[in-house]
Amino acid sequence: MNRVSQAPARAAAGGRRAAPRPRSGQWAAWAFLAPVVIYLVIFYAYPLYRNIELSLRDYTVRSFVQGDAPFTGFANYAKILGDETFGPALWHTTMFTMVSLVFQFVIGLALAMFFVKNFRLSATLRALFLVPWLLPLIVSSSTWSWMLNSDSGVVNAVLGVLGVEPVHWLTSPDWSLWSVIIANIWIGIPFNLVVLYSGLQAIDPVIYEAAELDGATGWRRFWKVTFPLLRPVSAITVLLGLVYTLKVFDIIWIMTKGGPSGSSTTFATWSYRLGFGNLLPAFGPGAAVGNLLIVTALIFGLIYIRVQRRRTLS
Amino acid sequence: MRNTPGRWKTALGLVLTGVMLFPVYWMVNVSFTRDQDMRKSPPSWFPVDGTLEGYRAVLDQQLPYLGISVVVGLGTVALTLLVATPAAYSLAKLRPRGGGLLTFVLLIAQMIPGIIMAMGFYAIFLSTGMLNTVPGLIVADSTLAVPFAVLIFTAFMSGIPEELMQAARVDGAGALRTFWSVVVPVSRNSVITVSLFAFLWAWSDFIFASTLDGGGRGQPITLGIYHYIGNNNQQWNAIMATAVIASIPTAILLVIAQRYVAAGVTAGAVKN
């Protein structure tokens with residue numbers, strides 16, 4: 001859920017300032033760390049371990065309770081790779097992530113450029129822009145559901161005024177994926193705005209003055225000066241956005257449940273449906289889908305940490 | 001500011017904010033709309049014949065859910081602070097060997113998709129009888145906040161002047177005393193920030209609630225709204241009224257901690 005709770009990789013680099021460490025201090029240091037280490041082992045490592053174990057065994061409801069499910073190796077993975085949902089889910093996940101990221105970034109950047117020169121009320125308005133990101137997802141998802149309602153939704157009412165036929169946003173397989181993408185873009189804009197805004201603020205005004213002397217203004221200045229200088233921050237924004245968009249579940253599940261007929265199913269909702277969405281849960285395959293998701297997220301996550309560290313050290 | 005271009009920007013800014021926040025306005029509008037006007041075409045843009053039916057339904061049906069959410073939120077805050085503050089103090093000031101690795105693990109931990117954690121927790125809670133319990137949900141929700149909290153606290157506590165720590169040491173305070181009487185009071189602002197976020201995330205959590213507490217008697221407000229929608233309830237004013245009330249913590253967070261929120265978002269993503 002905490003799609004944006006990225007945190008300081010800067011702190012990671014902090015450990016490098018290796019001044020001498022007194023021996024006696026190490027005991028105290030680790031005593032203070034003990035709670036979090038125990039916590040991580042019990043509440044992160046162990047659930048993850050159980051999840052891997054789930055994916056490697058053939059669990060039924062009965063063996064789930066009794067814990068005597070037979071070990072089946074990678075059978076669950078083979079099963080999901082051969083499943084007819086796999087291809088569409090991969091495609092939907094890719095589309096959902098890519099389209100969301102592009103629009104969130106472009107709109108976020110445009111707004112950041114707009115807000116970077118202070119004007120009356122700019123700070124207040126910028127704060128108000130955070131609202132979509134801070135709202136509970138169930139609130140935004142259900143609001144969008146009603147706005148996109150085929151018969152009585154305000155979106156179709158506005159389109160009707162413009163002479164467009166009603167669109168079956170949530171109930172037609174052609175539009176359901178777009179509906180959840182639209183809602184997700186709306187939710188993700190604030191994060192992009194805030195991070196890119198602070199990136200823009202960090203650019204030295206002297207550089208702009210120099211560019212102006214060289215005759216670079218408007219678009220030219222944006223492409224030749226602002227955008228290149230913003231590239232590291234942009235990379236971080238997009239990578240973090242990627243990691244958090246990959247795992248989006250709530251919005252899709254609440255708005256469409258991945259349907260109709262699987263047309264908005266992503267890996268996250270597929271995994272949930274396998275594990276919890278049916279009367280007969282398929283925990284093994286569900287966990288296997290989840291593990292594919294985690295591997296993808298971690299790859300981009302590691303790239304993010306690398307980029308972030310290089311920036312911090314330079 | 002005083003000249004026309006500035007005023008134009010303010011006007012444009014107001015329009016953009018209005019467009020962005022339209023869904024929020026719509027939620028409020030629908031929450032006041034009468035049942036018979038709900039399917040009107042075109043819809044009413046303002047709640048002229050407003051009704052409080054929706055809010056009455058919330059008071060009748062949703063109060064227990066709201067209560068559970070408050071309890072879960074506060075429990076999550078307490079657990080998060082309990083685990084995260086000492087760890088951050090150590091990482092920031094006591095230079096433990098292996099601290100860098102731990103920070104790395106925490107960064108990674110934040111990237112694990114909730115659905116995976118949910119499935120793991122489900123397996124564990126099933127065998128320990130913690131399924132459908134409030135403490136179980138608190139524990140699961142705290143995983144949303146703990147890594148974030150440690151990293152934010154560490155960043156903040158690294159900024160506490162070394163002289164302050166030295167002074168405590170000269171006064172004969174050990175690590176524990178320094179932590180409790182110096183570091184924690186000085187970190188008040190970051191404690192507030194982290195608490196607000198931890199509360200908001202627990203309050204907003206849907207995935208853990210629906211997987212780990214779906215059959216329990218004490219369900220949080222996210223499930224309250226979800227059941228409302230799922231029951232094919234056509235009373236959208238009641239659904240939206242619940243949504244409005246579920247948004248109150250967001251509003252509080254924004255008003256109390258506006259500047260900390262932006263700082264929380266950018267912390268780490270951008271070097272200051």
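Residues are numbered from 1 along each chain as its sequence is written, while chains are lettered from A and ligands numbered from 1 in the order in which they are written. Because the model is predicted, local features need pLDDT of at least 70 and side-chain atom pairs count only at pLDDT 80 or more, whereas totals for chains, interfaces and linings use all residues.

**Figure 1. Chain A is built from helices, with no strands.** The secondary structure of chain A comes to 16 helices and zero strands; helices (H or I, at least four residues) and strands (E, at least two) are DSSP runs, numbered from the N terminus. Along the principal axes, the C-alpha atoms of chain A fill a box of roughly 75 × 75 × 30 Å. Of its 314 residues, 46% count as buried. A residue is buried if 20 or more other C-beta atoms lie within 10 Å of its own, exposed if 12 or fewer, and partly exposed in between, with C-beta atoms placed from the backbone. Among the contacts in chain A with a separation of 6 or more, 70% join residues 24 or more positions apart; two residues are in contact if their C-beta atoms, placed from the backbone, lie within 7 Å.

Figure 2. The pLDDT, the predictor's confidence in each residue from 0 to 100, has a mean of 84 in chain A, and 90% of the residues reach 70 or more. Helix 5 (residues 86–116) of chain A has the highest mean among the elements of that chain (94), and helix 1 (residues 9–14) of chain A the lowest (40). Over residues 1–18 of chain A the pLDDT is below 50, although this stretch has 63 contacts in the model beyond near neighbours in sequence. Where pLDDT is low, the predicted coordinates should not be read in detail.

Figure 3. The unreviewed UniProt entry lists residues 27–46, 95–116, 128–147, 175–197, 229–255 and 282–305 of chain A under "transmembrane region"; UniProt positions are given in the numbering used here, feature names are shortened, and annotations may be inferred rather than shown by experiment. Residues 128–147 of chain A are 80% helix and 0% strand, with end C-alpha atoms 21 Å apart. The unreviewed UniProt annotation "domain: ABC transmembrane type-1" covers residues 90–304 of chain A. This span is 74% helix and 0% strand, and its end C-alpha atoms lie 22 Å apart.

Figure 4. A:Thr72 counts as partly exposed because 16 C-beta neighbours lie inside 10 Å. Leaving aside neighbours within four places in sequence, A:Thr72 is in contact with A:Leu56, A:Arg57 and A:Asp58. The C-alpha atom of A:Thr72 is separated by 28 Å from that of A:Phe249, 177 residues apart along the chain.

**Figure 5. Chain B also has helices and no strands.** Chain B contains 14 helices and zero strands, and its C-alpha atoms fill a box of roughly 75 × 65 × 30 Å along the principal axes. Of its 272 residues, 53% are buried. Helix 10 (residues 188–204) of chain B has 17 residues, so at 1.5 Å a residue it should span 24 Å, in agreement with end C-alpha atoms 24 Å apart; the expected span is 1.5 Å times one less than the number of residues. In helix 10 of chain B, 14 of the 17 residues are buried. The spans listed by UniProt (unreviewed entry) as "transmembrane region" in chain B include residues 65–89 and 236–257. Residues 65–89 of chain B are 100% helix and 0% strand, with end C-alpha atoms 36 Å apart.

Figure 6. In the contact between the chains, 96 residues of chain A touch 96 residues of chain B. Helix 2 (residues 23–55) of chain A gives the most to the side of chain A that touches chain B, with 19 residues. Beyond neighbours within four places in sequence, B:Val150 is in contact with A:Val36, B:Ala84, B:Ala87, B:Ala88 and B:Leu106.
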